[in-house]
Amino acid sequence: MPTIIEVYNNIPCRRGLTADWGFSCLVEEAGLLFDTGERGDVLLANMQALGIDPASIRKLVVSHDDHDHIGGIATILAANPSIEVYVHDTFSEKTLSLIREYTEPRIVREWTEIADGIALTGPLGTDTREQSLAIRVPGGYLVVTGCAHPHISRIIERIARVGPVWGVIGGLHTVSDEDIEALAGVAYLSASHCTDKIAELAERYPASFRPGGAGKVHRV
């Protein structure tokens with residue numbers, strides 16, 4: 001079962017960490033960092049406070065090309081340039097060039113397995129293209145999202161073509177009525193970062209909702 005540690009979030013959860021706009025989390029067992037937050041210095045300081053060594057990071061997945069998710073890329077790669085970096089095919093040349101100063105990025109265009117039991121959805125949505133992480137757990141898939149710009153209902157729909165969605169962690173941005181209904185079958189829900197209806201989701205799904213934030217550890 002995976003352990004997800006929220007390294008970067010604008011919502012505070014644990015003392016001794018800096019809460020700052022953005023999102024990043026570590027899939028501990030896989031040595032996989034998902035997104036890098038807004039500021040590299042905050043990312044590294046929070047990692048240090050959580051006892052996470054940059055040398056232990058083997059893979060970096062970046063959900064989309066917004067600065068509050070890519071801001072720490074150069075800092076984490078400078079600390080460990082051997083990390084494999086996964087982006088998708090709508091990232092800007094500016095971001096790709098930054099990554100190439102350290103390593104050649106791996107471009108994701110569709111559903112792609114990057115480790116045993118861990119896959120990327122590939123880019124979804126239209127205005128802001130974004131990929132999410134799908135981690136296989138006993139109940140189906142645990143979804144990790146950066147902002148869910150394509151809407152969490154669409155992300156769930158995509159992953160459900162492969163297997164049932166057991167849980168959702170991360171930012172859900174603008175939550176529609178359709179999104180709320182799509183989360184009805186989720187056993188574990190932790191919406192944070194940019195989610196505009198956190199209180200409503202917590203009230204609607206009290207049995208499955210778990211607060212998120214910088215320093216939150218999900219053992220699922």
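Helices (H or I, at least four residues) and strands (E, at least two) are DSSP runs, numbered from the N terminus. By that scheme, Ser63 sits in the loop between β4 (59-61) and α2 (67-70). The model is predicted: local features need pLDDT of at least 70, side-chain atom pairs count only at pLDDT 80 or more, and totals for chains, interfaces and linings use all residues. Residues are numbered from 1 along each chain as its sequence is written, and side-chain values use heavy atoms, with hydrogens and water left out.

- Ser63 counts as buried because its relative accessibility is 0%; buried means under 20% relative accessible area, exposed over 50%, and partly exposed in between (1.4 Å probe, protein chains only).
- The side chains of Ser63 and His64 form a polar contact at 2.8 Å. Such a contact is a pair of N or O atoms within 3.5 Å; within protein, one must be able to donate a hydrogen and the other to accept it, and residues adjacent in sequence count only if both atoms are side-chain atoms.
- Leaving aside neighbours within four places in sequence, residues in contact with Ser63 include Asp35, His69, His88 and Arg129, where contact means heavy atoms within 4.5 Å.
- Asp35 lies in the loop between β3 (32-34) and α1, and has a positive phi of about 65° although it is not a glycine.
- With 0% relative accessibility, Asp35 counts as buried.

**Nonpolar cores**

- A nonpolar core is a set of buried Ala, Val, Leu, Ile, Met, Phe, Trp, Tyr and Cys residues joined through side-chain atoms within 4.5 Å.
- The largest such core has 25 residues, and Val7, Leu33, Ile52, Leu60, Val62, Ile76 and Val85 touch the most other members.
- At least two residues of this core come from each of β1 (3-9), α1 (40-49), α3 (73-79), β5 (84-88) and α4 (93-100).
- A second, separate core of 23 residues includes Tyr141, Val143, Ile156 and Leu189.

- All 5 of the 5 residues in β12 (188-192) are buried. Tyr188, Ser190 and Ser192 point one way, and Leu189 and Ala191 the other.
- β11 (165-171) runs parallel to β12 and is joined to it by 5 bridges; two strands pair if DSSP finds at least two bridges between them.
- Ile169 has Ser190 as its bridge partner in β12.
- In α5 (152-160), the buried residues are Ile152, Ser153, Ile155, Ile156, Arg158 and Ile159. They pack against β9 (133-137), β10 (140-145), β11 and α6.
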